[in-house]
Amino acid sequence: MSKNIILYGAILIFGLAAPFIFPAFKVQLSILCILIILAITWNVQGGEMGYNTFGNILFYGLGMYLCASVQVGMFFPLGEWTEGGGEKTFVHTPAQFFQGFAVGLAVAAVVPAIIAGLIGYSILGLRGHYFAICTLGLGVAAGEISGGIEIIGAGQGFTTPPFPNVDRLEARGEFFYFCSFIVLVFTFLAVKAIYSTRFKLVLNAIRDNEDKAEAMGIQTMKYKIIGWMISAFFCGLAGGIMGGLVGYIDSTDVAFDGREMGVFMVLMAILGGKGTLWGPVIGATLFHIFKEGFWTFFLGWQYVALGVLIVVIVIYFPEGIMGWLREKYPERFGEVVDEADRKAQVTLK
Amino acid sequence: MLTLQAVLDGLLLGILFALIAYGMALQWGVMNIINIAQGDLVILGGYIAYFMYLYGIHPAWGVIVSPIIMYFVGVIIYKLVINKVVDRDLFISILATFGISILFMQLMNFAFGADVVLANSGYGTTMLFDNSVTLPNSKIFSAFISIVFAIGLVIYMKKSKLGRAIRATAQNARAAKILGVDTEKVYAATFGINAALCGVAGALISITFTIHPYMGLPYTIRSFMIVIVAGLGNLPGVAMSGMGLGVFEEFADYILGTEFRIGSVFLLLVLILVYRRFKLSRKREYLK
């Protein structure tokens, strides 16, 4: 136990010190935090519950739009703001900016969760690949439709409020980094707490055999909806921060970007290992390093590399890093291994 | 008259969708694979016809050339990727073909550029009912060719040796293997035929509409939708629901506006799935 506390403490201290150690990578580190949040939330849904979704991008994009709209709409008329496009007709004072951002984040977290609860009963009745395709459709439809709504900028995009002028030049990067890092820690601890309760066992039961779980008297639908709402809550938060960080929201390229972010979160969780606590974290970190390498050195070819990467991971590495480690060192994962039994299994293979 | 125009447009468009959906139903039924790259195969087939047009050959010949090339593309994809996911979880196949889809999109973007293109067939238009309804002849041509290919494929599946092997594998792959069917070859051929159908549809789309490297996914979703409405192996059903979808789309285009066209297709998919889920849950069943 004490070993764990040292590990967590080291990570926490590293996380807090990171922007000062690597001042040039503040934006990259913030994006890494967002990616880890998304991978963790996807894992609640896809890894633990067994409902593989492409649709969490819906909540991410929704959170992004909601946070920015609230931040603007609290002080200025939203329609005029988006009509002005890049031209800054209105300027937030620092107090307005931070207040708006805080309220916007709260809205961006709560509203997607409510929406997930509302549509959950209909959508979560689907299973397997029907669920996957349905959520894929939901994500793309949201992108296409939001691209046609005038008040949030339609096709020309939505410029989020620029960071207010404060004395320090570094302040913007640090603010967004600490926002995303705090949300990451919050997400991780919340999910860790959830995983130590009976709730996780119910989710796993649903993944392993839903009919049997239902026959055992578990109200599976209730748990599935709650699981999805948890996913949506954190996805919305991540989206809200990402909107402020990027500074510009486009319906299909930034917010409801099923081709990038929507696939990334699935891929990161699978790369790290579905159904584990640390898997998505490791997967997201490795993936981000890979991705930045590709994006820098193979500029233009990044989607080709991404496509190949997806195929390779899915075909040759479906268990992920944690799954591989678990097979290699089962003792570390608290599984009691009978040495003779294990040898017998190996020879059988 | 606008209604009549929309209905006719939709029907002719729907026949094309049905052709793509037929390919999807075929491979879904035989190999239990959902191919997200279906739409990208269509677009690739379209570019073959477009390049013939650029080099001075009439693009209608693409209807013959494109499926031949696409057959081999399909077999290659099968050999490289699909044969490793055939008997795995369906989600794995969805993700793997999603990867192929992204790969194809970007490669086509590099090779052919990001412009919206069309191959001009120069077929002219037909005016009906006192010039109130305009029908491009290319649309009629494409619907006719689609029907010819669909009927040809049905006869082929019924009569030929390979067709019989494919149907046997779809019924029970293991039993077919025991009785001497080389299922590996059957799978490769099925995927190739699917790709060839996509090639035909793509060539027709490049003549009648426009093609663009990123336009693949909507075609995948459309064919998926048609298949889940009609059911696997129900060819009249595929044709009917394909035409129904075409008409729906044209009306959505007229009523809501073009910017919501693709969005309404995707939303319709969600609605259909949810409708079927509620209908089945009364019998305590779910979509399998």
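Predicted model: local features only at pLDDT ≥ 70, side-chain atom pairs only at ≥ 80, totals over all residues.
The face of helix α8 of chain A that is turned away from its buried side carries the exposed residues Arg198(A) and Asp208(A). Residues are numbered from 1 along each chain as its sequence is written, and chains are lettered from A and ligands numbered from 1 in the order in which they are written.

Helix α8(A) spans residues 198–208, and Val202(A), Leu203(A) and Ile206(A) within this helix are buried. These three residues lie on the same side of α8(A), because they cover an arc of only 100° around the axis, the arc being that of the directions from the helix axis to the C-beta atoms. The buried residues of α8(A) pack against α2 (26–48), α9 (210–215) and α10 (220–246) of chain A. Contact between two residues requires that their C-beta atoms, placed from the backbone, lie within 7 Å.

The secondary structure of chain A comprises 16 helices and 2 strands; helices (H or I, at least four residues) and strands (E, at least two) are DSSP runs, numbered from the N terminus. For 349 residues a compact globule would have a radius of gyration near 20 Å, and the 21 Å of chain A agrees with this. The radius is taken over C-alpha atoms, and the globule rule is 2.2 Å times the number of residues to the power 0.38. The C-alpha trace of chain A spans about 75 × 45 × 40 Å along its principal axes, and 46% of the 349 residues count as buried. Among contacts in chain A with a separation of 6 or more, 81% are made by residues 24 or more positions apart.

Further along chain A, Gly323(A) lies in helix α15 (residues 320–328). Gly323(A) is partly exposed, with 18 other C-beta atoms within 10 Å.

Chain B contains 11 helices and 2 strands, in the order α-α-α-α-β-β-α-α-α-α-α-α-α from the N terminus. Its radius of gyration of 19 Å is close to the 19 Å given by the globule rule for 288 residues, so chain B is as compact as a globular protein of that length. The C-alpha trace of chain B spans about 60 × 55 × 35 Å along its principal axes, and buried residues make up 51% of the 288 residues.

Within chain B, the axes of helices α5 (residues 137–159) and α6 (residues 161–171) come within 5 Å and cross at roughly 80°. Axes are lines fitted to C-alpha atoms, for helices over the stretch in contact, and angles run from 0 to 180 degrees between N-to-C directions. Tyr156(B), Met157(B), Lys158(B) and Lys159(B) in α5(B) meet Gly163(B), Ile166(B) and Arg167(B) in α6(B).

The contact between the chains takes 35 residues from chain B and 33 residues from chain A. On the side of chain B that touches chain A, α4 (90–112), α9 (216–230) and α11 (261–281) each supply at least two residues. The largest share of that side, 14 residues, comes from α4(B).

Definitions and conventions: Buried ≥ 20, exposed ≤ 12 C-beta atoms within 10 Å, placed from the backbone.
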